[in-house]
Amino acid sequence: MDERPPDDPAESKEDRAVYVPWVENQAAVNLFGAYELVVLDFCLFLLFQITHYKQYPPNISKIYSYFECRRKKGSQFSEVVFFGLQYLLKKYLTGPVVTEEKIQEAKLFYQMHFKQAVFDEAGWRKVLEKHNGRLPIRIKAVPEGKIIPRGNVLFTVENTDPNFYWLTNYIETMLVQMWYPITVATVSREFKKILAKHLKATSGSLEGLDQKLHDFGYRGVSSQESAALGGAAHLVNFCSTDTVAGLLMAQRYYGCPMAGFSIPAAEHSTIISWGRSREKEAFERVLDQFSSGPVSVVSDSYDIFNACKHIWGDKLKERVMERSQDSCLVIRPDSGDPAETLIEVIKILEECFGSSLNSMGYKVLPSYLRIIQGDGIDLSSVEEILEKLGDEGWSAENVFFGCGSALLQKLNRDTLSCAFKCSYVEANGKGMDVYKQPVTDPSKGSKRGRLSLRRNPDGLLETIERGAGKPDEDLLVTVFENGNLMIDYSLEDIRKNARLRDDGVNATLHNHEQHLLHNHIINGIL
(Lines give C-alpha, C1' and ligand atoms only; values in the text may rest on other atoms or scores of the structure.)
Protein backbone atom coordinates (compact mmCIF):
# COMPACT_ATOMS: atom_id res chain seq x y z
CA MET A 1 0.00 0.00 0.00
CA ASP A 2 1.38 3.42 -0.93
CA GLU A 3 2.05 5.77 1.95
CA ARG A 4 0.86 9.24 0.96
CA PRO A 5 0.07 12.25 3.14
CA PRO A 6 -3.59 12.23 4.28
CA ASP A 7 -4.37 15.22 2.06
CA ASP A 8 -2.80 13.79 -1.10
CA PRO A 9 -5.40 14.31 -3.86
CA ALA A 10 -4.12 11.20 -5.65
CA GLU A 11 -5.13 9.02 -2.74
CA SER A 12 -8.37 7.07 -3.11
CA LYS A 13 -10.65 6.11 -0.27
CA GLU A 14 -9.90 2.45 -0.96
CA ASP A 15 -6.17 2.71 -0.22
CA ARG A 16 -6.14 5.42 2.41
CA ALA A 17 -4.11 4.47 5.50
CA VAL A 18 -5.85 4.92 8.84
CA TYR A 19 -3.81 7.04 11.24
CA VAL A 20 -4.16 6.04 14.88
CA PRO A 21 -2.07 8.41 17.01
CA TRP A 22 -1.35 6.05 19.92
CA VAL A 23 0.05 3.28 17.71
CA GLU A 24 3.76 3.48 16.94
CA ASN A 25 3.72 1.03 14.04
CA GLN A 26 1.55 2.78 11.47
CA ALA A 27 2.37 0.06 8.92
CA ALA A 28 0.37 -2.34 11.07
CA VAL A 29 -2.50 0.09 11.28
CA ASN A 30 -2.62 0.27 7.49
CA LEU A 31 -3.80 -3.33 7.59
CA PHE A 32 -7.11 -1.93 8.78
CA GLY A 33 -7.51 -0.05 5.53
CA ALA A 34 -7.10 -3.33 3.69
CA TYR A 35 -10.45 -4.61 4.89
CA GLU A 36 -12.23 -1.24 4.80
CA LEU A 37 -13.13 -1.52 1.16
CA VAL A 38 -16.02 0.68 0.15
CA VAL A 39 -19.23 -1.25 -0.50
CA LEU A 40 -20.17 1.24 -3.23
CA ASP A 41 -20.20 3.68 -0.32
CA PHE A 42 -23.64 2.90 1.02
CA CYS A 43 -26.77 0.79 0.84
CA LEU A 44 -28.21 2.22 -2.41
CA PHE A 45 -26.82 -1.01 -3.82
CA LEU A 46 -28.71 -3.50 -1.63
CA LEU A 47 -30.36 -5.65 -4.25
CA PHE A 48 -33.18 -7.61 -2.62
CA GLN A 49 -35.13 -4.56 -1.43
CA ILE A 50 -34.70 -2.40 -4.53
CA THR A 51 -38.26 -2.90 -5.88
CA HIS A 52 -40.12 -3.12 -2.59
CA TYR A 53 -41.15 0.53 -2.55
CA LYS A 54 -43.55 -0.37 -5.39
CA GLN A 55 -45.15 -3.20 -3.40
CA TYR A 56 -46.35 -1.64 -0.14
CA PRO A 57 -50.05 -0.70 0.31
CA PRO A 58 -51.19 2.80 -0.75
CA ASN A 59 -51.04 5.59 1.85
CA ILE A 60 -48.63 3.71 4.11
CA SER A 61 -46.55 5.94 6.37
CA LYS A 62 -44.77 3.69 8.86
CA ILE A 63 -42.86 0.40 8.67
CA TYR A 64 -41.60 -1.00 11.97
CA SER A 65 -39.38 -4.10 12.03
CA TYR A 66 -37.29 -6.01 14.53
CA PHE A 67 -34.33 -8.41 14.74
CA GLU A 68 -34.12 -11.50 16.92
CA CYS A 69 -32.32 -14.81 17.32
CA ARG A 70 -35.24 -17.20 17.27
CA ARG A 71 -35.55 -19.93 19.84
CA LYS A 72 -34.74 -23.35 18.47
CA LYS A 73 -35.54 -26.52 20.33
CA GLY A 74 -32.47 -28.63 21.03
CA SER A 75 -29.93 -25.90 20.23
CA GLN A 76 -26.76 -25.77 22.34
CA PHE A 77 -27.12 -22.00 22.56
CA SER A 78 -29.89 -20.69 24.82
CA GLU A 79 -28.64 -17.10 25.02
CA VAL A 80 -26.72 -14.70 22.81
CA VAL A 81 -24.19 -11.89 23.20
CA PHE A 82 -25.37 -8.75 21.42
CA PHE A 83 -22.42 -7.15 19.64
CA GLY A 84 -21.47 -5.40 16.39
CA LEU A 85 -24.31 -2.99 15.64
CA GLN A 86 -22.21 0.05 16.52
CA TYR A 87 -19.68 -0.88 13.86
CA LEU A 88 -22.34 -1.16 11.13
CA LEU A 89 -23.93 2.12 12.18
CA LYS A 90 -20.64 4.04 12.31
CA LYS A 91 -19.24 2.64 9.10
CA TYR A 92 -22.29 2.54 6.84
CA LEU A 93 -25.22 4.58 8.16
CA THR A 94 -24.04 7.55 10.21
CA GLY A 95 -23.92 11.03 8.69
CA PRO A 96 -24.87 12.16 5.15
CA VAL A 97 -24.72 8.88 3.23
CA VAL A 98 -26.77 9.81 0.16
CA THR A 99 -25.32 12.05 -2.56
CA GLU A 100 -26.38 12.94 -6.10
CA GLU A 101 -23.35 11.08 -7.43
CA LYS A 102 -24.41 7.87 -5.64
CA ILE A 103 -27.99 8.24 -6.86
CA GLN A 104 -26.84 8.51 -10.46
CA GLU A 105 -24.46 5.59 -10.06
CA ALA A 106 -27.19 3.40 -8.57
CA LYS A 107 -29.70 4.43 -11.26
CA LEU A 108 -27.35 3.30 -14.02
CA PHE A 109 -26.38 0.12 -12.19
CA TYR A 110 -29.96 -1.06 -11.69
CA GLN A 111 -31.00 -0.12 -15.19
CA MET A 112 -28.34 -2.50 -16.47
CA HIS A 113 -29.13 -5.17 -13.89
CA PHE A 114 -32.94 -5.31 -14.22
CA LYS A 115 -33.06 -4.12 -17.84
CA GLN A 116 -35.86 -1.79 -16.85
CA ALA A 117 -36.29 1.33 -14.71
CA VAL A 118 -37.00 0.11 -11.16
CA PHE A 119 -34.70 2.29 -9.06
CA ASP A 120 -36.51 4.89 -6.93
CA GLU A 121 -34.50 7.87 -8.06
CA ALA A 122 -37.10 10.37 -6.86
CA GLY A 123 -37.32 8.80 -3.42
CA TRP A 124 -33.60 8.87 -2.83
CA ARG A 125 -33.35 12.44 -4.10
CA LYS A 126 -35.98 13.45 -1.53
CA VAL A 127 -33.78 11.92 1.18
CA LEU A 128 -30.93 14.04 -0.14
CA GLU A 129 -32.94 17.25 -0.39
CA LYS A 130 -35.10 16.98 2.73
CA HIS A 131 -32.63 15.33 5.11
CA ASN A 132 -29.30 16.38 3.60
CA GLY A 133 -28.55 12.76 2.75
CA ARG A 134 -29.08 11.50 6.31
CA LEU A 135 -31.38 8.54 6.86
CA PRO A 136 -34.68 9.34 8.65
CA ILE A 137 -34.50 6.09 10.62
CA ARG A 138 -34.66 5.27 14.34
CA ILE A 139 -32.98 2.15 15.73
CA LYS A 140 -33.49 1.01 19.31
CA ALA A 141 -31.33 -1.82 20.62
CA VAL A 142 -30.22 -3.65 23.70
CA PRO A 143 -26.86 -2.36 24.98
CA GLU A 144 -23.90 -4.04 23.29
CA GLY A 145 -22.45 -6.91 25.28
CA LYS A 146 -25.73 -7.73 27.01
CA ILE A 147 -26.61 -11.42 27.37
CA ILE A 148 -30.12 -12.01 26.05
CA PRO A 149 -32.12 -15.28 26.00
CA ARG A 150 -32.95 -16.37 22.46
CA GLY A 151 -36.40 -15.49 21.18
CA ASN A 152 -36.26 -11.90 22.44
CA VAL A 153 -36.13 -8.70 20.43
CA LEU A 154 -32.57 -7.39 20.05
CA PHE A 155 -33.23 -4.23 18.06
CA THR A 156 -36.06 -2.44 16.26
CA VAL A 157 -36.01 -0.21 13.18
CA GLU A 158 -38.60 2.35 12.05
CA ASN A 159 -38.79 5.38 9.77
CA THR A 160 -39.11 8.80 11.41
CA ASP A 161 -40.48 10.56 8.32
CA PRO A 162 -43.74 9.13 6.86
CA ASN A 163 -42.51 9.78 3.32
CA PHE A 164 -39.71 7.25 3.75
CA TYR A 165 -41.50 4.18 5.12
CA TRP A 166 -39.63 2.07 2.55
CA LEU A 167 -36.27 2.78 4.21
CA THR A 168 -36.93 0.53 7.23
CA ASN A 169 -36.69 -2.75 5.40
CA TYR A 170 -34.44 -1.38 2.67
CA ILE A 171 -31.51 -1.63 5.10
CA GLU A 172 -32.50 -5.12 6.24
CA THR A 173 -29.75 -6.88 4.28
CA MET A 174 -27.06 -4.82 5.94
CA LEU A 175 -28.54 -5.11 9.43
CA VAL A 176 -29.13 -8.85 9.24
CA GLN A 177 -25.38 -9.22 8.85
CA MET A 178 -25.42 -8.65 12.60
CA TRP A 179 -25.78 -12.43 12.75
CA TYR A 180 -22.01 -12.76 12.35
CA PRO A 181 -20.60 -10.72 15.26
CA ILE A 182 -23.45 -11.89 17.51
CA THR A 183 -22.71 -15.54 16.69
CA VAL A 184 -18.94 -15.22 17.13
CA ALA A 185 -19.34 -13.38 20.45
CA THR A 186 -21.82 -16.02 21.59
CA VAL A 187 -19.61 -18.97 20.60
CA SER A 188 -16.60 -17.29 22.21
CA ARG A 189 -18.54 -16.83 25.45
CA GLU A 190 -19.60 -20.49 25.41
CA PHE A 191 -15.90 -21.38 25.27
CA LYS A 192 -15.39 -19.07 28.23
CA LYS A 193 -18.10 -20.84 30.24
CA ILE A 194 -16.48 -24.23 29.66
CA LEU A 195 -13.00 -22.95 30.47
CA ALA A 196 -14.22 -21.13 33.57
CA LYS A 197 -16.04 -24.20 34.84
CA HIS A 198 -12.99 -26.45 34.61
CA LEU A 199 -10.50 -23.82 35.72
CA LYS A 200 -12.55 -23.07 38.83
CA ALA A 201 -13.06 -26.77 39.58
CA THR A 202 -9.40 -27.75 39.21
CA SER A 203 -7.60 -24.66 40.51
CA GLY A 204 -10.13 -22.91 42.77
CA SER A 205 -9.58 -19.68 40.85
CA LEU A 206 -10.37 -17.97 37.56
CA GLU A 207 -6.99 -16.28 37.31
CA GLY A 208 -5.88 -16.03 33.70
CA LEU A 209 -9.27 -16.99 32.28
CA ASP A 210 -9.32 -14.15 29.75
CA GLN A 211 -6.13 -15.52 28.16
CA LYS A 212 -7.22 -19.16 27.92
CA LEU A 213 -8.63 -19.02 24.37
CA HIS A 214 -6.44 -17.52 21.66
CA ASP A 215 -7.92 -16.43 18.33
CA PHE A 216 -6.11 -18.30 15.53
CA GLY A 217 -8.81 -17.56 12.95
CA TYR A 218 -7.42 -14.74 10.80
CA ARG A 219 -6.32 -16.89 7.86
CA GLY A 220 -9.42 -19.09 8.02
CA VAL A 221 -12.09 -16.45 7.37
CA SER A 222 -13.57 -15.31 4.10
CA SER A 223 -12.46 -11.67 4.11
CA GLN A 224 -10.56 -8.95 5.91
CA GLU A 225 -13.82 -7.49 7.20
CA SER A 226 -14.87 -10.87 8.58
CA ALA A 227 -11.52 -11.13 10.37
CA ALA A 228 -12.00 -7.66 11.84
CA LEU A 229 -15.60 -8.09 12.95
CA GLY A 230 -15.20 -11.68 14.17
CA GLY A 231 -11.89 -10.91 15.81
CA ALA A 232 -13.42 -7.97 17.69
CA ALA A 233 -16.38 -10.13 18.75
CA HIS A 234 -14.00 -12.63 20.36
CA LEU A 235 -12.34 -9.75 22.24
CA VAL A 236 -15.61 -9.12 24.06
CA ASN A 237 -14.80 -12.23 26.10
CA PHE A 238 -11.04 -12.76 25.91
CA CYS A 239 -7.89 -10.67 25.45
CA SER A 240 -5.78 -13.23 23.61
CA THR A 241 -5.57 -13.04 19.81
CA ASP A 242 -3.44 -13.16 16.68
CA THR A 243 -6.19 -11.56 14.55
CA VAL A 244 -4.76 -8.07 14.18
CA ALA A 245 -7.77 -6.82 12.18
CA GLY A 246 -9.98 -7.38 15.24
CA LEU A 247 -7.65 -5.29 17.39
CA LEU A 248 -7.73 -2.47 14.85
CA MET A 249 -11.52 -2.57 14.70
CA ALA A 250 -11.66 -2.32 18.50
CA GLN A 251 -9.43 0.75 18.28
CA ARG A 252 -11.42 2.58 15.64
CA TYR A 253 -15.00 1.66 16.46
CA TYR A 254 -14.95 0.76 20.16
CA GLY A 255 -12.37 3.13 21.67
CA CYS A 256 -9.91 0.51 22.93
CA PRO A 257 -6.22 1.30 22.26
CA MET A 258 -5.14 -2.34 22.63
CA ALA A 259 -7.81 -4.95 23.26
CA GLY A 260 -5.73 -8.13 23.06
CA PHE A 261 -2.26 -9.58 23.33
CA SER A 262 -0.05 -12.33 21.95
CA ILE A 263 3.39 -13.86 22.36
CA PRO A 264 6.17 -14.74 19.90
CA ALA A 265 5.42 -18.11 18.32
CA ALA A 266 7.15 -20.53 15.97
CA GLU A 267 5.36 -22.04 12.99
CA HIS A 268 6.26 -25.13 11.02
CA SER A 269 8.17 -23.20 8.36
CA THR A 270 10.55 -21.71 10.93
CA ILE A 271 11.21 -25.17 12.35
CA ILE A 272 11.41 -27.38 9.25
CA SER A 273 13.61 -24.86 7.41
CA TRP A 274 16.42 -26.15 9.64
CA GLY A 275 15.93 -29.73 8.37
CA ARG A 276 14.80 -32.78 10.32
CA SER A 277 18.24 -33.52 11.75
CA ARG A 278 18.49 -30.02 13.26
CA GLU A 279 15.16 -29.78 15.07
CA LYS A 280 16.97 -29.27 18.36
CA GLU A 281 18.90 -26.32 16.88
CA ALA A 282 15.63 -24.84 15.61
CA PHE A 283 14.13 -25.01 19.10
CA GLU A 284 17.28 -23.58 20.66
CA ARG A 285 17.25 -20.67 18.21
CA VAL A 286 13.77 -19.72 19.39
CA LEU A 287 14.86 -19.84 23.04
CA ASP A 288 17.87 -17.64 22.23
CA GLN A 289 15.87 -15.06 20.30
CA PHE A 290 13.13 -14.79 22.93
CA SER A 291 14.96 -15.22 26.20
CA SER A 292 12.50 -13.04 28.13
CA GLY A 293 8.75 -13.22 27.98
CA PRO A 294 6.67 -16.27 27.07
CA VAL A 295 7.27 -18.02 23.75
CA SER A 296 5.30 -20.71 21.93
CA VAL A 297 7.01 -23.44 19.90
CA VAL A 298 5.16 -25.83 17.61
CA SER A 299 6.78 -29.19 18.27
CA ASP A 300 5.02 -31.78 16.11
CA SER A 301 6.84 -31.22 12.80
CA TYR A 302 8.12 -34.80 13.01
CA ASP A 303 7.42 -36.56 16.32
CA ILE A 304 5.79 -34.58 19.12
CA PHE A 305 6.52 -37.27 21.71
CA ASN A 306 10.21 -37.49 20.78
CA ALA A 307 10.46 -33.69 20.80
CA CYS A 308 8.99 -33.47 24.30
CA LYS A 309 10.97 -36.38 25.78
CA HIS A 310 14.35 -36.18 24.11
CA ILE A 311 14.73 -32.55 23.00
CA TRP A 312 12.76 -30.40 25.45
CA GLY A 313 13.01 -32.93 28.28
CA ASP A 314 16.68 -33.91 27.80
CA LYS A 315 18.92 -31.97 25.40
CA LEU A 316 17.34 -28.59 26.19
CA LYS A 317 16.09 -29.39 29.68
CA GLU A 318 18.41 -26.99 31.48
CA ARG A 319 17.56 -24.21 29.02
CA VAL A 320 13.86 -24.75 29.70
CA MET A 321 14.32 -24.84 33.48
CA GLU A 322 16.22 -21.53 33.34
CA ARG A 323 13.04 -19.79 32.24
CA SER A 324 10.49 -18.36 34.68
CA GLN A 325 6.73 -18.05 34.92
CA ASP A 326 7.00 -14.69 33.14
CA SER A 327 9.03 -16.23 30.31
CA CYS A 328 7.55 -19.70 30.17
CA LEU A 329 7.92 -22.10 27.26
CA VAL A 330 4.54 -22.97 25.72
CA ILE A 331 4.74 -26.22 23.75
CA ARG A 332 2.25 -26.60 20.89
CA PRO A 333 1.10 -29.99 19.60
CA ASP A 334 -0.62 -29.56 16.24
CA SER A 335 -1.75 -32.97 15.01
CA GLY A 336 -3.32 -36.21 16.12
CA ASP A 337 -6.32 -36.73 18.37
CA PRO A 338 -6.41 -33.53 20.48
CA ALA A 339 -7.27 -35.13 23.82
CA GLU A 340 -5.10 -38.24 23.51
CA THR A 341 -2.09 -36.33 22.19
CA LEU A 342 -2.28 -33.61 24.82
CA ILE A 343 -2.58 -36.07 27.70
CA GLU A 344 0.38 -38.08 26.41
CA VAL A 345 2.41 -34.88 26.04
CA ILE A 346 1.64 -33.69 29.56
CA LYS A 347 2.60 -37.09 30.99
CA ILE A 348 5.96 -36.99 29.18
CA LEU A 349 6.61 -33.45 30.43
CA GLU A 350 5.79 -34.55 33.98
CA GLU A 351 8.31 -37.39 33.70
CA CYS A 352 10.97 -34.93 32.56
CA PHE A 353 10.21 -31.85 34.62
CA GLY A 354 8.01 -33.04 37.49
CA SER A 355 4.77 -31.55 38.79
CA SER A 356 3.21 -30.25 41.99
CA LEU A 357 -0.26 -30.27 43.53
CA ASN A 358 -2.33 -27.09 43.75
CA SER A 359 -4.77 -26.18 46.53
CA MET A 360 -7.50 -28.27 44.88
CA GLY A 361 -5.30 -31.37 44.73
CA TYR A 362 -4.73 -31.27 40.95
CA LYS A 363 -1.33 -31.56 39.29
CA VAL A 364 0.41 -28.55 37.74
CA LEU A 365 3.56 -28.49 35.61
CA PRO A 366 6.38 -26.16 36.71
CA SER A 367 5.44 -22.53 36.11
CA TYR A 368 8.03 -22.20 33.31
CA LEU A 369 6.23 -24.81 31.19
CA ARG A 370 2.75 -24.83 29.62
CA ILE A 371 0.94 -26.34 26.61
CA ILE A 372 -1.29 -24.75 23.96
CA GLN A 373 -3.61 -26.96 21.92
CA GLY A 374 -4.67 -25.25 18.71
CA ASP A 375 -5.54 -28.14 16.41
CA GLY A 376 -9.05 -29.61 16.24
CA ILE A 377 -10.49 -27.20 18.78
CA ASP A 378 -14.21 -26.54 19.05
CA LEU A 379 -16.71 -26.44 21.91
CA SER A 380 -17.04 -30.20 22.20
CA SER A 381 -13.32 -31.00 21.95
CA VAL A 382 -12.39 -28.40 24.58
CA GLU A 383 -14.94 -29.93 26.94
CA GLU A 384 -13.61 -33.41 26.22
CA ILE A 385 -9.98 -32.42 26.70
CA LEU A 386 -10.61 -30.64 29.99
CA GLU A 387 -12.74 -33.47 31.35
CA LYS A 388 -10.07 -36.05 30.49
CA LEU A 389 -7.35 -33.87 31.99
CA GLY A 390 -9.36 -33.56 35.17
CA ASP A 391 -9.99 -37.29 35.28
CA GLU A 392 -6.22 -37.82 35.01
CA GLY A 393 -5.68 -35.44 37.92
CA TRP A 394 -4.46 -32.42 35.92
CA SER A 395 -5.50 -28.81 36.47
CA ALA A 396 -6.77 -26.71 33.58
CA GLU A 397 -4.02 -24.26 34.55
CA ASN A 398 -1.60 -26.31 32.43
CA VAL A 399 -3.29 -25.70 29.11
CA PHE A 400 -4.18 -22.86 26.76
CA PHE A 401 -6.26 -23.28 23.64
CA GLY A 402 -6.17 -21.72 20.20
CA CYS A 403 -9.20 -21.76 17.93
CA GLY A 404 -9.54 -20.78 14.28
CA SER A 405 -12.36 -21.80 11.96
CA ALA A 406 -14.66 -23.10 14.71
CA LEU A 407 -14.53 -19.65 16.26
CA LEU A 408 -14.72 -17.36 13.22
CA GLN A 409 -15.88 -19.37 10.20
CA LYS A 410 -17.77 -22.62 10.89
CA LEU A 411 -21.03 -20.81 11.56
CA ASN A 412 -23.80 -19.12 9.60
CA ARG A 413 -27.03 -17.17 10.02
CA ASP A 414 -28.88 -20.34 10.98
CA THR A 415 -26.51 -21.10 13.87
CA LEU A 416 -28.61 -18.74 16.02
CA SER A 417 -31.64 -18.56 13.69
CA CYS A 418 -31.29 -14.81 13.12
CA ALA A 419 -34.28 -13.05 11.53
CA PHE A 420 -35.47 -9.53 10.68
CA LYS A 421 -39.26 -9.15 10.39
CA CYS A 422 -41.88 -6.42 10.04
CA SER A 423 -44.31 -6.35 13.00
CA TYR A 424 -46.19 -3.04 12.76
CA VAL A 425 -47.35 -0.64 10.03
CA GLU A 426 -49.35 2.58 9.79
CA ALA A 427 -51.55 3.50 6.83
CA ASN A 428 -54.21 6.18 6.48
CA GLY A 429 -53.39 7.34 9.99
CA LYS A 430 -54.14 3.94 11.58
CA GLY A 431 -51.72 1.45 13.09
CA MET A 432 -51.89 -2.29 12.53
CA ASP A 433 -49.97 -5.17 14.13
CA VAL A 434 -48.67 -7.52 11.43
CA TYR A 435 -46.97 -10.92 11.51
CA LYS A 436 -46.14 -14.07 9.55
CA GLN A 437 -47.38 -17.51 10.58
CA PRO A 438 -46.38 -20.19 8.03
CA VAL A 439 -48.61 -23.26 8.30
CA THR A 440 -45.68 -25.44 7.24
CA ASP A 441 -43.28 -24.21 9.93
CA PRO A 442 -44.69 -22.66 13.13
CA SER A 443 -41.14 -21.93 14.36
CA LYS A 444 -40.93 -19.19 11.74
CA GLY A 445 -43.89 -17.29 13.16
CA SER A 446 -43.02 -13.70 13.92
CA LYS A 447 -43.82 -11.22 16.67
CA ARG A 448 -46.68 -8.73 16.48
CA GLY A 449 -46.83 -4.97 16.95
CA ARG A 450 -44.43 -2.59 18.63
CA LEU A 451 -42.01 -4.41 20.89
CA SER A 452 -40.20 -3.72 24.11
CA LEU A 453 -37.83 -5.75 26.25
CA ARG A 454 -38.27 -5.83 29.99
CA ARG A 455 -37.19 -7.74 33.07
CA ASN A 456 -40.26 -9.33 34.61
CA PRO A 457 -40.98 -9.66 38.36
CA ASP A 458 -39.11 -12.98 38.38
CA GLY A 459 -36.01 -11.26 37.03
CA LEU A 460 -36.24 -12.89 33.60
CA LEU A 461 -35.99 -10.99 30.33
CA GLU A 462 -39.07 -11.09 28.14
CA THR A 463 -40.35 -9.37 25.01
CA ILE A 464 -43.65 -7.52 25.24
CA GLU A 465 -45.60 -7.44 21.99
CA ARG A 466 -48.53 -5.44 20.55
CA GLY A 467 -47.30 -2.14 22.03
CA ALA A 468 -48.25 -3.24 25.55
CA GLY A 469 -44.87 -2.53 27.13
CA LYS A 470 -44.25 0.31 29.56
CA PRO A 471 -41.67 2.84 28.31
CA ASP A 472 -40.02 3.12 31.72
CA GLU A 473 -39.40 -0.65 31.75
CA ASP A 474 -38.06 -0.92 28.22
CA LEU A 475 -34.43 -2.06 28.03
CA LEU A 476 -34.14 -1.08 24.36
CA VAL A 477 -32.37 2.26 23.97
CA THR A 478 -32.18 4.57 20.96
CA VAL A 479 -28.75 4.11 19.39
CA PHE A 480 -29.36 5.73 15.99
CA GLU A 481 -31.74 8.47 14.86
CA ASN A 482 -31.91 10.52 11.68
CA GLY A 483 -28.33 9.78 10.67
CA ASN A 484 -26.85 10.34 14.11
CA LEU A 485 -25.21 7.84 16.46
CA MET A 486 -26.91 8.41 19.81
CA ILE A 487 -24.74 6.19 22.04
CA ASP A 488 -21.07 5.30 21.64
CA TYR A 489 -20.19 2.13 23.57
CA SER A 490 -16.58 1.44 24.53
CA LEU A 491 -15.19 -2.08 24.52
CA GLU A 492 -14.74 -1.69 28.26
CA ASP A 493 -18.49 -1.07 28.64
CA ILE A 494 -19.27 -4.06 26.45
CA ARG A 495 -16.95 -6.37 28.35
CA LYS A 496 -18.64 -5.40 31.60
CA ASN A 497 -22.03 -6.25 30.11
CA ALA A 498 -20.79 -9.63 28.86
CA ARG A 499 -18.89 -10.75 31.96
CA LEU A 500 -19.63 -14.17 33.40
CA ARG A 501 -21.55 -14.56 36.59
CA ASP A 502 -21.06 -17.53 38.82
CA ASP A 503 -24.31 -19.17 37.72
CA GLY A 504 -22.81 -19.27 34.22
CA VAL A 505 -19.72 -21.03 35.59
CA ASN A 506 -21.16 -23.54 38.03
CA ALA A 507 -24.59 -24.40 36.66
CA THR A 508 -23.27 -27.20 34.47
CA LEU A 509 -20.42 -28.48 36.63
CA HIS A 510 -19.84 -32.20 36.21
CA ASN A 511 -19.22 -34.28 39.36
CA HIS A 512 -18.90 -31.23 41.57
CA GLU A 513 -21.29 -29.78 44.12
CA GLN A 514 -23.08 -26.74 42.76
CA HIS A 515 -23.00 -23.53 44.78
CA LEU A 516 -25.01 -20.95 42.87
CA LEU A 517 -24.65 -17.41 44.14
CA HIS A 518 -26.97 -15.68 41.69
CA ASN A 519 -26.03 -12.19 40.53
CA HIS A 520 -22.59 -12.41 42.11
CA ILE A 521 -19.93 -11.44 39.57
CA ILE A 522 -16.91 -13.70 39.60
CA ASN A 523 -14.85 -12.05 36.89
CA GLY A 524 -14.68 -8.65 35.32
CA ILE A 525 -15.26 -5.38 37.13
CA LEU A 526 -18.16 -4.71 39.45
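Me: Which residues does Phe155 touch, leaving out those up to four places away in sequence?
Reply: This is a predicted model. In it, Phe155 touches Ser65, Tyr66, Phe67, Phe82, Ile139, Lys140, Ala141, Leu175, Met178 and Phe420, not counting residues up to four places away in sequence.

Me: And in the largest nonpolar core, which residues touch the most other members?
Reply: Trp124, Ile139 and Phe155 do, in a core of 142 residues. Helix 7 (residues 179-203) gives the largest share of this core, with eleven residues.

Me: How many bridges link strand 11 and strand 12?
Reply: Three bridges, in the parallel sense, between strand 11 (residues 369-373) and strand 12 (residues 399-403). Ile371 stands opposite Val399 in strand 12.

Me: Now cysteines. How many disulfides are there in the whole structure?
Reply: A search finds zero. Cys256, for one, is in no disulfide, and the nearest cysteine sulfur, that of Cys239, is 9.8 Å away.

Me: Is Cys256 buried or exposed?
Reply: Cys256 counts as buried because its relative accessibility is 12%, and the cut-off for buried is under 20%.

Me: What about Cys422, how does that count?
Reply: Cys422 has 23% relative accessibility, so it counts as partly exposed.

Methods. Residues numbered from 1 in each chain as written. Predicted model: local features only at pLDDT ≥ 70, side-chain atom pairs only at ≥ 80, totals over all residues. Heavy atoms only, no water. Core = buried A, V, L, I, M, F, W, Y, C linked by side-chain atoms within 4.5 Å. Buried < 20%, exposed > 50% of the residue type's maximum accessible area, 1.4 Å probe, protein only. Helix = DSSP H or I, 4+ residues; strand = E, 2+ residues; numbered from the N terminus. Contact = heavy atoms within 4.5 Å. Pairing = 2+ DSSP bridges. Disulfide = S-S within 2.5 Å.
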